[in-house]
Amino acid sequence: MQPANVAARWGADLPADQVHVITVPSHSRDSSELWRRFAQACGLSETSGLDLAVTRVNESLGLVEAELLRRVNKALDGRVQAGRQRSLWIRDVLAHQVLAGIGHEPIGLTPEHLELAREQAEEAITAIRAAGYLVHGDLEDLRPQAPPARLPKDVTEEELLEAAVLALADLLVWARDAGSDPRGAKEPGVRPVARPRGLAAARGMVGATLRRAAAPVRDRRVAELEARIAELEEQVHASRALHLRVATLTDLVEELLLPADLRDGELTMSAVREFRQRSL
């Protein structure tokens, strides 16, 4: 979503000088720069005694790890469907607890995606400047940076295998520390099969470990609560979809209410297309 649209929506009933836009530094050797911008916007610039030397808790996945996660999602083939279960096992455990600590190679952009990002950045910068919002930082930070970086298609099978083995080792330790009992996950009537080699072996081991970690027996009450949570998640999903449709309609109405000589025909058609895609 365009940052200018977000600012306009949240600050619709406020004067422009009370709407604050904080940009994330695109290049900064000082890891506390973002905090300083936030503190300035909140009037906390004079606050002292804070410990800013904290570790990041929401690390991004590296290129190889992101591709491995994509393949694991594909291999799961819908066996983990509920939103809460996907968040718990795929995002929290596999992505954050395991894969995020393995590698941090940045993911590149295709020329088409880079051009699109530049166009959207230019639109956002122009709109924010025209609105007169208070900017903490530099709007140039919104422009995408494109240092040389590989794309997911450039990842080799050897790199994936190495990452999968490291992930499997960390996942086994995590499952042990979490108190999982693999003896409770035995499936009657399943005969042992020959172990595959290479990447297929790593995939199989990761899948087996996930099944064992998810195997603790739940009582009836827990099952009822999980069913209720699933119902609530469906309601939240429907509510989010409705909010997106309302937001899209708001953007369209705002564009149509402009005087004819101030309208951007291309922008208007883009808003109409987006509204149709979300609502029809």
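This report describes the fold, helix packing, salt bridges, surface patch and selected loop residues of a predicted model.

Because the model is predicted, local features need pLDDT of at least 70 and side-chain atom pairs count only at pLDDT 80 or more, while totals for chains, interfaces and linings use all residues. Residues are numbered from 1 along each chain as its sequence is written, and side-chain values use heavy atoms, with hydrogens and water left out.

## Overall fold

The chain has 9 helices and 2 strands. These elements are DSSP runs numbered from the N terminus, with helices being H or I of at least four residues and strands being E of at least two. Their order along the sequence is α-β-α-α-α-α-β-α-α-α-α. The chain holds 280 residues, of which 24% count as buried. Here buried means under 20% relative accessible area, exposed means over 50%, and partly exposed lies in between, with a 1.4 Å probe and protein chains only.

## Helix packing

Two packed helices are described by the angle between their axes and the distance between the axes. Helix α4 spans residues 83-98 and helix α6 spans residues 157-177; their axes come within 10 Å and cross at roughly 115°. That angle makes α4 roughly perpendicular to α6. Angles of 65 to 115 degrees count as roughly perpendicular, under 35 as roughly parallel, over 145 as roughly antiparallel, and the rest as oblique. The axes are lines fitted to C-alpha atoms, for helices over the stretch in contact, and the angles run from 0 to 180 degrees between N-to-C directions.

## Salt bridges

Side chains of opposite charge can pair when their charged atoms come close. A salt bridge is counted when a side-chain nitrogen of Lys or Arg lies within 4 Å of a carboxyl oxygen of Asp or Glu. The whole structure contains 15 salt bridges, including those in the table.

| Pair | N to O distance |
|---|---|
| Arg37 and Glu33 | 3.0 Å |
| Arg143 and Glu122 | 2.6 Å |
| Arg228 and Glu231 | 3.0 Å |

Arg37 and Glu33 are separated by about one helical turn, because they stand 4 residues apart in helix α2. Arg37 is buried at a relative accessible area of 11%, whereas Glu33 is partly exposed at 21%. Both residues belong to a network of salt bridges that links Glu33, Arg36, Arg37 and Asp141.

The side chains of Arg143 and Glu122 also meet in a salt bridge. Arg143 sits in the loop between β2 (134-136) and α6, and Glu122 in helix α5 (residues 111-131), so this pair ties together parts that are 21 residues apart in sequence. Arg143 is partly exposed, with 26% relative accessibility, and Glu122 is partly exposed as well, with 35%.

Arg228 and Glu231 lie in helix α8 (residues 220-257), 3 residues apart, or about one turn of the helix. Arg228 has a relative accessible area of 40% and is partly exposed; Glu231 is partly exposed at 41%.

## Nonpolar surface patch

Ile22, Val24, Leu34, Phe38 and Leu44 make a nonpolar surface patch of about 390 Å². Patches are made of residues with over 30% relative accessible area and no salt bridge, joining nonpolar side chains (Val, Leu, Ile, Met, Phe, Trp, Tyr) within 5 Å and like charges within 9 Å. Accessible areas come from the Shrake-Rupley method with a 1.4 Å probe; for residues, only the protein chains shown count as cover. Leu44 is in the loop between α2 (33-42) and α3 (63-76) and is partly exposed at 33% relative accessibility.

## Loop residues

Ala53 lies in the loop between α2 and α3 and is exposed, with a relative accessible area of 69%. Its C-alpha atom is 8.4 Å from that of Ser32, a residue 21 positions away along the chain.

Asp77 occupies the loop between α3 and α4. Its phi is near 50°, a positive value in a residue other than glycine. Asp77 is exposed, with a relative accessible area of 64%.

Thr156 is found in the loop between β2 and α6 and counts as partly exposed at 32% relative accessibility. The C-alpha atoms of Thr156 and Val64 are separated by 8.5 Å, although these residues are 92 residues apart along the chain.
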